[in-house]
Amino acid sequence: MPTMPVNKSNFHSIKTQLAEKQVTLVAVSKTKSVSAIQELYNLGHRDFGENYVQELVDKEALLPKDINWHFIGHLQTNKVKLIAPFVQLIHGVDSLKLLKEINKQAEKNNRVIDCLLQVHIAQEETKFGLNEEELQSLVKELAKLEMKNVRVCGLMGMASFTTDIQKVRKEFEYLKELFDSVPNFEILSMGMSSDYKTAIEEGSTMVRIGSLLFGVREK
Ligand SMILES: *Cc1c(COP(=O)(O)O)cnc(C)c1O
């Protein structure tokens with residue numbers, strides 16, 4: 001894995017912008033080295049996000065235990081058991097089947113795992129997530145079930161990959177409306193390196209930032 005130094009000035013500047021609005025920063029460390037994560041950790045940062053289960057499991061084993069690990073990728077049901085012992089927040093949940101498995105694995109580990117439902121807000125078809133109708137019916141379904149070991153506490157979304165900031169803003173605005181329509185939701189995870197400022201203006205409570213902190217990723 002490439003060992004590029006962390007961009008400390010971006011880190012401090014982003015932290016300052018977020019602190020004013022009480023927005024949480026998840027440092028997205030996918031493909032980045034353990035030493036880069038350790039460097040940000042040494043600056044006091046604790047929330048890190050990963051997309052791939054095996055990579056997350058490997059890094060978790062090597063890094064301090066007080067890191068809050070966020071799983072931000074597409075989680076397959078058969079991999080839940082690998083991260084259930086330690087994961088702090090699962091951002092990309094988009095089915096009842098997956099939630100049931102998280103509940104089951106959380107129970108085995110005597111834990112309650114926080115989850116966000118992923119909503120499809122971008123135009124691209126490749127991005128995962130629920131549409132509005134599916135979201136509302138899942139929320140209704142959840143209210144009837146008793147899943148003691150998962151806590152669904154908000155929404156996550158990714159805007160279209162475009163330089164058209166007005167379009168991105170509309171998508172975030174839409175996600176915020178959906179977020180506000182569900183009682184008791186606390187976390188709205190939206191905004192990445194290219195669009196986090198717009199996301200915050202539209203009501204994000206948690207941003208997921210990778211390349212501004214760790215440099216661009218190689219494919
Ligand atoms: C990679 C990734 C990010 C971070 O992207 P950057 O553009 O590097 O900030 C945020 N969210 C998700 C779901 C990702 O996969």
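Q: Is S204 buried or exposed, and how should I read that label?
A: The label rests on relative accessible area, and buried means under 20%. In this predicted model, S204 has 5% relative accessibility, so the residue counts as buried.

Q: Where does S204 lie among the helices and strands?
A: S204 belongs to the loop that links helix 8 (196-201) with strand 8 (206-209).

Q: Which loop holds F185, and is F185 buried or exposed?
A: F185 is in the loop between helix 7 and strand 7. Its relative accessibility is 15%, and F185 therefore counts as buried.

Q: What is the phi of N184, and what should I compare it with?
A: Start with the general idea: most residues other than glycine have a negative phi. N184 is not a glycine, yet its phi is positive, at about 70°. N184 is in the loop between helix 7 (165-181) and strand 7 (187-189). With a relative accessible area of 70%, N184 is exposed, because exposed means over 50%.

Q: What about T31: what is its phi, and where is its place?
A: T31, again a residue other than glycine, has a positive phi near 70°. Its place is in the loop between strand 1 (24-28) and helix 2 (34-42). The accessibility label for T31 is partly exposed, because its relative accessibility is 26%.

Q: Is S29 buried or exposed, and which loop is S29 in?
A: S29 lies in the loop between strand 1 and helix 2. Its relative accessibility is 0%, so S29 counts as buried. For S29 and L56, the separation is 27 residues in sequence and 9.4 Å in space, C-alpha to C-alpha.

Q: Which side chains have a polar atom by an oxygen atom of the ligand, and at what distances?
A: For polar contacts, look at pairs of N or O atoms within 3.5 Å. In the side chain of K30, an N or O atom is 2.7 Å from an oxygen atom of the ligand. N51 has a polar side-chain atom 2.8 Å from a ligand oxygen, and S211 likewise places a polar side-chain atom 2.8 Å from an oxygen atom of the ligand.

Q: How much of the ligand's accessible area does the protein cover?
A: Take the area of the ligand on its own as the reference. That area is 390 Å², and the protein covers 91% of it.

Q: And where does the ligand sit?
A: The ligand is in the largest pocket.

Methods
Residues numbered from 1 in each chain as written. Predicted model: local features only at pLDDT ≥ 70, side-chain atom pairs only at ≥ 80, totals over all residues. Heavy atoms only, no water. Polar contact = N/O pair within 3.5 Å; in protein donor to acceptor, adjacent residues only side chain to side chain. Areas by Shrake-Rupley, 256 points an atom, 1.4 Å probe, with all protein chains shown as cover. 1 Å grid on protein atoms, 1.4 Å probe; cavity = no way out; pocket = protein on both sides within 12 Å on 5 of 7 lines; lining within 4 Å. Sits in = over half its atoms within 2 Å of the grid points. Helix = DSSP H or I, 4+ residues; strand = E, 2+ residues; numbered from the N terminus. Buried < 20%, exposed > 50% of the residue type's maximum accessible area, 1.4 Å probe, protein only.
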